[in-house]
Amino acid sequence: MIDLRSDTITQPTTAMKQVMFEAPVGDDVFGEDPTINALEEKAAAYFGMEAAIFCPSGTMTNQIAIRVHTDPHTEVICDEKSHIYLYEGGGIAYNSFASVRLLHGDRGRITAEMVKDNINNPDDVHAPISRLVSLENTMNKGGGCVYDFKEIEKIGRLCKEEKLKLHLDGARLFNALVASGDDPEKYGETFDTISICLSKGLGCPVGSLLVGDKDSIKMARRIRKVMGGGMRQAGILAAAGIYALDHHIERLTEDHNRAKTIAENIKDLAFVESVLPVETNIVIFRLSNNQLATDFVEKLKNHGILAVPFGKHDVRFVTHLDFSDDMLDELIKKLKQI
């Protein structure tokens, strides 16, 4: 099978397994796992921020950040396509008792002007208090599109002026950084917290990090404990993260190039109505003649290709570490036969 369902399906490489096997470990809840401590320090330094916390998943790091920055009867401003809204099980309501203001951005990317127009009057008792703005980069539902950092800076300045917190769901932030060439430390200067995922493009088996200032991460440790996310000798997993940060960032360009090749080769096929612009490692295409995505994905499976429906008539491919040039050639051959 050629598996393009997600970049989460990657297997750890032989070299990654070796460093995991050799990792020194301790009890992380006591702060005594040297490999986790090293990973957290490395991630914080990468973004020029003060501290980080290692968690099992990106959903947990996002939900912890929202809980850190909000209180009951406050509001989170985000795009309607945001992962924190669509794919985290209603966690904003369940974990933080917060409301959500949904904006309609450009493929999931919102602007400072849109944020400004949706900040509630804090003296109006009928409305929740606007407290947090959350961005997603790259934007999954937008086909892996990348924010213009100048717009992010405008949003950051607005948040400071309005005394709002700014969080980044950076599940695929490394894809965005490689594609744009932006400075990660500029992100650290702009956001209050950043969630980064190690188990997507970077190819780790498990793990995400929340990065921020010391006070935010101190509170995050308490919330992680409440959520049941305190881990013990998890340095075995953290070692994979250190290896990935050292060896798997620059190679993301290969995934991006393969995704662009897929898009170029399918855009004129009979079953494709349109393809979203491809900037990173995600290809989303709309099926022609109102074909149902669920039916088409089953047809792909019969041809040895795994994908996911991404809407009633949309299908998503995601390129990744375990998708090679040989697989790319075979994929294009099979797609042209359908």
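Trainee: Which residue is the bridge partner of Phe 285 in E13?

Mentor: Val 315 is the partner of Phe 285 in E13. This is a predicted model, where local features need pLDDT of at least 70, side-chain atom pairs count only at pLDDT 80 or more, and totals for chains, interfaces and linings use all residues. Residues are numbered from 1 along each chain as its sequence is written, and side-chain values use heavy atoms, leaving out hydrogens and water.

Trainee: What makes E10 and E13 paired strands?

Mentor: Strands are DSSP runs of E with at least two residues, and helices are runs of H or I with at least four, numbered from the N terminus. Two strands pair if DSSP finds at least two bridges between them. E10 (residues 282–287) and E13 (residues 314–318) have five bridges, in the antiparallel sense. So they meet the definition of a pair.

Trainee: Why are E9 and E12 called edges?

Mentor: The open sheet of four strands runs E9-E10-E13-E12, with antiparallel pairing. E9 (272–275) and E12 (308–309) each have a single partner strand, so one side of each is left without a neighbour in the sheet. Helix H12 (residues 252–266) packs on the sheet and touches E9, E10 and E13. The direction of H12 makes about 20 degrees with that of E10. Such angles run from 0 to 180 degrees between N-to-C directions, with axes fitted to C-alpha atoms, for helices over the stretch in contact.

Trainee: How do you know that E8 is largely enclosed?

Mentor: Buried means under 20% relative accessible area, exposed means over 50%, and partly exposed lies in between (1.4 Å probe, protein chains only). Five of the five residues of E8 (residues 208–212) are buried, so E8 is largely enclosed by the rest of the structure. One side carries Ser 208, Leu 210 and Gly 212, and the other carries Leu 209 and Val 211.

Trainee: Which strands pair with E8?

Mentor: E2 (residues 51–55) pairs with E8 over five antiparallel bridges. E7 (residues 193–197) also pairs with E8 over five antiparallel bridges. Gly 212 of E8 stands opposite Ala 51 and opposite Thr 193.

Trainee: Why does Thr 193 count as buried?

Mentor: Its relative accessibility is 1%. The limit is under 20%, so Thr 193 is buried. Contact means heavy atoms within 4.5 Å. Among the residues that Thr 193 touches are Ala 65, His 69, Leu 210 and Val 211.

Trainee: What about Lys 200: buried or exposed?

Mentor: Lys 200 is buried, at 16%. Lys 200 sits in the loop between E7 and E8. Not counting residues up to four places away in sequence, Lys 200 touches Asp 7, Thr 8, Thr 10, Ala 171 and Arg 172. An unreviewed UniProt entry annotates Lys 200 as "modified residue: N6-(pyridoxal phosphate)lysine". Such annotations may be inferred rather than shown by experiment.

Trainee: How many disulfides does a search of the whole structure find?

Mentor: The search finds zero. A disulfide is a pair of cysteine sulfur atoms within 2.5 Å. For Cys 159, the nearest cysteine sulfur is that of Cys 78, 13 Å away. For Cys 197, the nearest is that of Cys 204, 8.6 Å away. Cys 197 is buried, with a relative accessible area of 4%.
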